[in-house]
Amino acid sequence: MSAVSDLVASRLRDVADFPKPGVVFKDITPLLGDGEAFGAVIRELASRHTGSSKAAQPVDAVAGVEARGFIIGAALALELGVGFIPVRKAGKLPGETVQRTYDLEYGTATIEIHADAVTPGQRVLLVDDVLATGGTAIAAWDLLAESGADVVGFETIVELAFLGGREAMGERAVHALHVVTGAVDA
């Protein structure tokens with residue numbers, strides 16, 4: 001594990017039976033509440049998208065998925081000196097929007113962005129706090145791409161590998177700072 005992965009693991013809190021019985025929720029709010037740790041995480045995420053190295057993926061904007069993705073995405077956009085695009089639940093944005101509906105375990109959900117949020121060819125980095133099954137990340141990626149964005153990757157703080165999100169993402173570029181391999185490990 002890397003130092004940042006260890007830092008994330010040390011700031012995760014397991015919440016049993018949330019949001020429903022049998023689920024162990026990985027809560028990142030202790031990480032967000034620690035300014036030094038949160039800053040280290042944002043700087044690590046930014047480091048992959050700055051500089052002149054061949055591996056750097058410069059971006060024109062950061063898109064964050066409601067709600068914790070807003071916190072991470074806005075801080076990352078500020079660190080990178082680029083704009084922020086909120087990916088919201090349906091009905092939360094004023095004005096003209098474009099939407100994408102996707103399947104959940106028990107039903108469907110719809111996310112949206114402003115119709116003018118993306119310019120054709122704009123390099124956009126998608127971020128969220130956790131990658132679980134991948135459904136929301138895939139829907140957000142596809143919504144941004146259908147709106148004209150060149151989505152360069154998906155960054156997350158925590159990946160719950162046992163839920164198969166990375167595999168569901170297919171060929172999309174995915175990077176996680178900390179990977180949880182079992183439902184109860186940190």
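**View 1. Strand 7 and the lining of the largest pocket.** Strand 7 (123-131) gives the largest share of this lining, with four residues. This is a predicted model, in which local features need pLDDT of at least 70, side-chain atom pairs count only at pLDDT 80 or more, and totals for chains, interfaces and linings use all residues. Residues are numbered from 1 along each chain as its sequence is written, and side-chain values use heavy atoms, with hydrogens and water left out. Strands (E, at least two residues) and helices (H or I, at least four) are DSSP runs, numbered from the N terminus. At least two lining residues also come from each of several other elements, including strand 2 (24-27), strand 4 (83-89) and helix 5 (135-146).

View 2. The volume here is about 1300 Å³, counted as the space filled by probe spheres set on grid points that are joined across faces, edges and corners. On a 1 Å grid over the protein atoms alone, with a 1.4 Å probe, a pocket is an open set of points with protein on both sides within 12 Å along at least five of seven lines, and lining residues have an atom within 4 Å of a point. Of the 37 lining residues, Pro 19, Leu 104, Ala 132, Thr 133 and Thr 136 are the closest to the centre. The lining divides into 22 nonpolar, six polar and nine charged residues.

**View 3. Helix 5 and what follows.** The 12 residues of helix 5 reach 16 Å from first C-alpha to last, close to the 16 Å expected (1.5 Å times one less than the number of residues). After helix 5 comes Gly 148, with a positive phi near 110 degrees.

**View 4. Helix 3 and its cover.** Residues 35-47 form helix 3, whose end C-alpha atoms are 18 Å apart, in agreement with the span for 13 residues. Phe 38, Ile 42 and Leu 45 are among its buried residues. Their cover includes helix 1, helix 4 (68-80) and strand 9 (174-180). At the start of helix 3, a side-chain oxygen of Asp 34 comes to within 3.2 Å of the backbone nitrogen of Glu 36.

**View 5. Ser 10 in helix 1.** Ser 10 belongs to helix 1 (residues 3-10), and its side chain reaches the backbone oxygen of Leu 7 at 2.7 Å. Its C-alpha atom lies 8.4 Å from that of Leu 31, 21 residues apart along the chain.

Methods:
Ala, Val, Leu, Ile, Met, Phe, Trp, Tyr, Cys and Pro count as nonpolar, Asp, Glu, Lys and Arg as charged, and the others, Gly among them, as polar. A polar contact is a pair of N or O atoms within 3.5 Å; within protein, one must be able to donate a hydrogen and the other to accept it, and residues adjacent in sequence count only if both atoms are side-chain atoms. Buried means under 20% relative accessible area, exposed over 50%, partly exposed in between (1.4 Å probe, protein chains only). Contact means heavy atoms within 4.5 Å.
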